Structure formats: C-alpha cells, structure tokens
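Dear colleague,

Please find below the structure that I am handing over to you. My notes on what was found in it follow directly after.

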Amino acid sequence: MSGGTKRRFLPDIYKKKKKVFCVFNDSVKNDSTSEEQVYSADIPNDTEASLFYLKSVFPVESFEGRLPPIIFKHQIYSIVKNKTLVDKQVNELRAKNKIRLFKLGADETETAIVFLDDFKKHVLSHSDGSQLIENFLMQVVASCPDISYNKNWLQEELKFQKEDISKLMYLGLLNVRDIGSWWLAIPRAGEFMKAFLQGRKAVLQILRRSKYKEIFQTELENRNLPKKAKLGMKYHIFDIIGAELVTCISTSSGKLLRLRD
C-alpha cells in the first residue's frame, strides 16, 4: 500500500473512513456491520476496504451461485477519489495474490476485479475437478498475476498442450487475445455482462426521462429495474458514478445525479 507501513483491513475494515459518496438506506448484505455504522458513518477510504464493500453489494443470490462477486475497477473511483492511488493499490493487491484482473466487454476495455479466493472457488465449483483445472489454478492463476498469457509461457515453459488450452477455452477460463496469447477469463462472464449492460441501460434511461435529465440519488435508489437487470440499483449507481456517466451535485436536499451530455 502507499507509504511504508502495512495497513490492516480486517477486522478493522470500517475504522478508517472518508465521507460517504453514495449513501444507501438499506443494510449491506453479508455484512454484520449495522446499517447506522456503514451508511451514516461513512465508507472506508482505501482500495482494499472499498473492494470488500463493493463485493457485499454484488447480489450473488440473483445468479444462484453461477458467478463470483465481480467488481469493475471504475466503481472504486466512486468511493476513493484518487484514481492514481486506486490504480497503484490495485496493482499491489494483484501482486500480493489477493485479487485477479480481467478484461470484459465486447471491446475488452472494462477492467474487472475478482478476489482470487472467490475466483478459485468459482472455477472449482463449475469444473470437472480434473488435474488440468488443478494445474491451471496452481501453475498459472496462483503463480502469475498477469491479465493474459502467451503461448511461449503456457506451452513451452509450463508444458500445457494445445488440447489443454482448447479445453480451458471451452470451460471459459481463457479467451483469445491475439495470435499466440489469451486473456484470463471468468466462466459464465457472458451472463454477467448481459445483466450488467441491461442494468446500466435501464438506469441511464431513467435519467434521460427525468426532468432536466437529473434525479436525486435517494429517489433513484427506490426506482425499480427490469427483472433481467439482476445486479440491482446500488451496483449500478456505483457504476455510473465511477464511469463518470453522471455528475454528482451536492444540494441541501441531498445528492443530485445529472446525466452527462
């Protein structure tokens, strides 16, 4: 982390805090911290604590265990305003084998984050438990924090065969990046991206239809999303703020979100 001193995140995850950027009124799922502690007392001001918080926002139950909690890096920017610091700390967490990064989206421009332990559990629970999967998790995922792998390393150094790579692609663990290189991938990521895009579209549509293309955040939180937008309103509010699709304006009546041109 920044500075020379290592910082503790658990169980003191909510002790160091900054002013809340997005305030929600319902309790955090899978978190024993009370509603008052989390929402009226502020959100943590460091990247790892923010990742834990955003993980708690991800509605795992909506996907019936088919996906691990997936967080976009830009969502952290809605909590920790220093983007340079976030990028630095994300890379440190990746080097420490706490998280893994993935490229998602049709043009692979979105950087997604999954805690390494969650990724391993997800892969093992959706695989045949073969030695190939064990080897891939141990020799590739756990040992190399890179976001992609090349043919020379996989085939010549680690001795993965062509049929091994073909199977890993079939299982959704590798996606073609270029000739002779592959992205590390999340099995069933397509289901996640479909829900994500539908949800973002629905939230932005609400803003477009609002007077002056703006809405108070508290009002937006109470709006309903289509059934196929499984990620929920909280997840998408962090998305649209972090992706700078809206401008946040502080008013005497609360936080106002205005759609950017």
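This is a predicted model: local features need pLDDT of at least 70, side-chain atom pairs count only at pLDDT 80 or more; totals for chains, interfaces and linings use all residues.

Is Cys248 buried, partly exposed or exposed? Cys248 counts as partly exposed, at 24% relative accessibility. The classes are defined by relative accessible area: buried means under 20%, exposed over 50%, and partly exposed in between, with a 1.4 Å probe and protein chains only. Cys144, by contrast, is buried, with a relative accessible area of 9%. A search of the whole structure finds zero disulfides, a disulfide being a pair of cysteine sulfur atoms within 2.5 Å.

Residues are numbered from 1 along each chain as its sequence is written, and side-chain values use heavy atoms, with hydrogens and water left out.

Overall composition

The protein chain has 11 helices and 11 strands; these are DSSP runs numbered from the N terminus, helices being H or I with at least four residues and strands E with at least two. Of its 261 residues, 49% count as buried. The accessible surface of the chain comes to about 13,400 Å², and 49% of that surface belongs to carbon and sulfur atoms; the areas come from the Shrake-Rupley method with a 1.4 Å probe, and for residues only the protein chains shown count as cover. Among the contacts with a separation of 6 or more, 63% are between residues 24 or more positions apart, where contact means heavy atoms within 4.5 Å.

Helix H5

Helix H5 spans residues 116-125, and its buried residues are Leu116, Asp118, Phe119, His122 and Val123. Seen down the axis of H5, these buried residues fall within an arc of 160°, so they line one face of the helix; the arc is that of the directions from the helix axis to the C-beta atoms. The face turned away from the buried side carries the exposed residues Asp117, Lys121 and Ser125. The cover over the buried residues of H5 includes helices H2 (47-57) and H6 (131-141), together with strands S4 (99-104), S5 (110-115) and S8 (181-184).

Asp178 has Ser181 in S8 as its bridge partner. Two residues lie between S7 and S8 in this hairpin, and Gly180 in the turn has a positive phi of about 85°.

Loop residues

Glu64 is in the loop between H2 and strand S3 (71-72) and counts as exposed, at 64% relative accessibility. Lys159 is in the loop between helices H7 (151-157) and H8 (162-170) and is likewise exposed, at 57%.

Ser210 is in the loop between helix H9 (189-209) and strand S9 (214-216). Ser210 is buried, with a relative accessible area of 13%, and its side chain reaches the backbone oxygen of Ile206 at 2.7 Å. The C-alpha atoms of Ser210 and Arg258 are separated by 9.6 Å, the two residues being 48 residues apart along the chain.

With kind regards

Notes. A polar contact is a pair of N or O atoms within 3.5 Å; within protein, one must be able to donate a hydrogen and the other to accept it, and residues adjacent in sequence count only if both atoms are side-chain atoms. Two strands pair if DSSP finds at least two bridges between them.
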